[in-house]
Amino acid sequence: MKMSPARQPLRQAVRWLAVTVLTVTGASVAVPAHAADSTTCTGTTQVTYSPGLTLTPQTVTVSATDSVPTCVSTDPSITGVITSPYSFPVPNASCNNVQLDPGNVLVIHWNNGQSSTVSGLVYATTTTAGITQTTGTGTVTAGEFTGATGVLTWIYALVNPLPCLTPGGLTSQNGTVLAQIIG
């Protein structure tokens, strides 16, 4: 059965939501035989803030280190992501408001020697039930999976307020990172 072009984005959004929910909850999902190229990777992330976050807004440098060793992919040669530390400035950051937006172009380096350049990333940050989630959505413009949608998500528990009251502020935070390619 051929799906109308108008319904295809809805189907992709539903598939993305299902994979996201299943990935976050730790459940596994079987990729249907007719599915387009796709990859879902999970790992951990640590960010450091310099200077530390306080209750007073200021420009801070965020340094992030992601570790993404586990991928499920329609490309069987992809089992993980090769990561390296990266930094970016965040203006007006405080313990009450820090927008982790590492830029509108990110390159994912796969363990198989290939890469995917995700461009035009648009970020949304939500906070629900003590969890802050920043999700960037863009298009793979070069490399493996060109033309697919790239979704990168960083998840952190809400900031512990006690270090925010000290002169040095909150200097680091750990969380979860998800990288998805939806073809």
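Predicted model: local features only at pLDDT ≥ 70, side-chain atom pairs only at ≥ 80, totals over all residues.
The chain has 2 helices and 9 strands, and along the sequence they follow the pattern α-β-β-β-β-β-β-β-β-α-β.

**The chain overall**

- Take the contacts with a separation of 6 or more: 58% of them are between residues 24 or more positions apart.

- Strand β5 (residues 105–110) pairs with strand β6 (residues 115–128) in the antiparallel sense, over 5 bridges.
- β5 and β6 make a hairpin with 4 residues between them, and Gly 113 in the turn has a positive phi of about 90°.
- β6 also pairs with strand β7 (residues 131–143), again antiparallel, over 11 bridges.
- Here, Val 122 has Thr 137 in β7 as its bridge partner.
- This hairpin has 2 residues between its strands, with Ala 129 in the turn showing a positive phi of about 50°.

**The nonpolar core**

- Nonpolar side chains tend to be buried together in soluble globular proteins.
- In this chain, the largest nonpolar core has 34 residues, and Tyr 49, Leu 53, Val 62 and Trp 110 have the most contacts inside it.
- Elements giving two or more residues to this core include β1 (38–53), β2 (58–73), β4 (86–93) and β9 (170–182).
- β2 supplies the largest share, 5 residues.

- Is Trp 110 buried or exposed? It counts as buried because its relative accessible area is 2%, and the cut-off for buried is under 20%.
- Leaving aside neighbours within four places in sequence, Trp 110 touches residues including Cys 41, Cys 71, Ile 82, Phe 145 and Ile 181.

**Aromatic pairs**

- The structure holds 3 aromatic pairs.
- One of them is Tyr 86 with Phe 88, a stacked pair at 6.3 Å centre to centre and 15° between the planes.
- Tyr 86 is partly exposed at 23% relative accessible area, whereas Phe 88 is buried at 8%.
- Trp 110 and Phe 145 have ring centres 5.9 Å apart and planes at 80°, so this pair is edge-to-face.
- That pair links distant parts of the chain, with Trp 110 in strand β5 and Phe 145 in the loop between β7 and β8, 35 residues apart.
- Phe 145 is buried too, with a relative accessible area of 8%.

Conventions: Residues numbered from 1 in each chain as written. Heavy atoms only, no water. Pairing = 2+ DSSP bridges. Core = buried A, V, L, I, M, F, W, Y, C linked by side-chain atoms within 4.5 Å. Buried < 20%, exposed > 50% of the residue type's maximum accessible area, 1.4 Å probe, protein only. Contact = heavy atoms within 4.5 Å. Phe/Tyr/Trp six-rings, centres within 6.5 Å; stacked < 30°, edge-to-face > 60°.
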